[in-house]
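The terms are given their cut-offs as they come up.

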Amino acid sequence: MKKRPIGKTGLEVTEIGLGSAALGAMPETYGYNVDEATAHATIRSILDGPVNLLDTSRNYGFGRSEERIGAVIRERGGLPDGFVLSTKLDRDMETGRFDAARARRSFEESLKALGVERVQILHLHDPEHCADLDEITRRGGALDELFRIKEEGLATAVGLAMGRLDIMLPLIMDRPFDVLLNHNRFTLLNRSANALFDYANANGIAVFNAAPYAGGVLAKGSSRVSRITYQEVDEKLLAPVRQIESVCAQLGVAPGAAALQFSLRDPRITSTVVGVSKPKRVIQTLEWANAEISELFWASLQDLEYSRDDPEASRTYLPG
């Protein structure tokens, strides 16, 4: 699998990364549960496969994602050579506090849960959901703590992982981040992250494009899933999905393969981060990445409309 650099950090990641939010058991977000045994089997499958990037977070499943990953890392006696583990600093999930002290505690909690002494990539996560953004951005705040952790050699690369572009782009422009992670905003349904990706590409910041399936509907199909970006939607909002599915059916392309390769084809994107919930989803991701898709298909998609609006503007955020 192709590998691409993370700025000047010396890290290289595969063009596909795998996300572990669902592995922390988050039924309120995803609409289904993942038990511990399935999560462990999925993590083993990831570590044994060609993808070298696994993304997690302190708040996925209130710590369960990191704990389950850590159990398999301990079982294996460590990570494979060249494997890149990415996690995130998170706010206090009860109070919304996100000052420097909270950032440091979050990192220490991650190291303990994962069973590692350092991580390859560390993001500051979801500042749009904190109680006071000034706690993050002010001198001596959480962002300063993020870069201090890098200076201490405890993270090779640091980034910003979040959704809201109106907050994200100014933060990215203000600090020397190595990488960014944005979700649900560059898919077959939505292109609102274009300006962010253009800026990052022009300034040597690696781009992780997460959630190419718009929360799962482009992978599982509108006949099975009525949720887009983790929200129940009506028939009107499902109409663009069905248009994509119609073109796919006419030209013999799996919608999931189209959604994944749409991201993989973009030269601005360093790695496309795909959430997985079971071992067969890992296999399916690799199959879709390698599926043959004609230029006729991509030309046909150009006629379809897509949104430039915030896809989560009306989302009711349910932590954990």
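A nonpolar core is here a set of buried Ala, Val, Leu, Ile, Met, Phe, Trp, Tyr and Cys residues joined through side-chain atoms within 4.5 Å, where buried means under 20% relative accessible area, exposed over 50%, and partly exposed in between, with a 1.4 Å probe and protein chains only. The model is predicted, so local features need pLDDT of at least 70 and side-chain atom pairs count only at pLDDT 80 or more, while totals for chains, interfaces and linings use all residues. Residues are numbered from 1 along each chain as its sequence is written, and side-chain values use heavy atoms, with hydrogens and water left out.

In soluble globular proteins, nonpolar side chains tend to be buried together. The largest nonpolar core here holds 81 residues, of which L146, L180, L218 and F297 touch the most other members. The element that gives the most to this core is helix 11 (residues 255–264), with six residues; helices (H or I, at least four residues) and strands (E, at least two) are DSSP runs, numbered from the N terminus. When residues up to four places away in sequence are not counted, L180 has contacts (heavy atoms within 4.5 Å) with residues including H123, L160, M168, F197 and V207.

Side chains of opposite charge can pair when their charged atoms come close. A salt bridge is counted when a side-chain nitrogen of Lys or Arg lies within 4 Å of a carboxyl oxygen of Asp or Glu, and a search of the whole structure finds 26 of them. In one of these, D55 and K88 meet with N to O at 2.6 Å; because D55 lies in strand 4 (residues 53–55) and K88 in strand 5 (residues 84–89), the pair ties together parts that are 33 residues apart in sequence. D55 counts as buried at 5% relative accessibility, and K88 counts as buried at 1%.

D178 and K150 form another salt bridge, with their closest N and O atoms 2.9 Å apart. D178 lies in the loop between helix 7 (165–174) and strand 8 (179–183), and K150 in helix 6 (residues 142–151), so this pair ties together parts that are 28 residues apart in sequence. D178 is buried, with a relative accessible area of 11%, whereas K150 is partly exposed at 27%. Elsewhere, salt bridges that share partners join R44, D48, E75 and R76 into one network.
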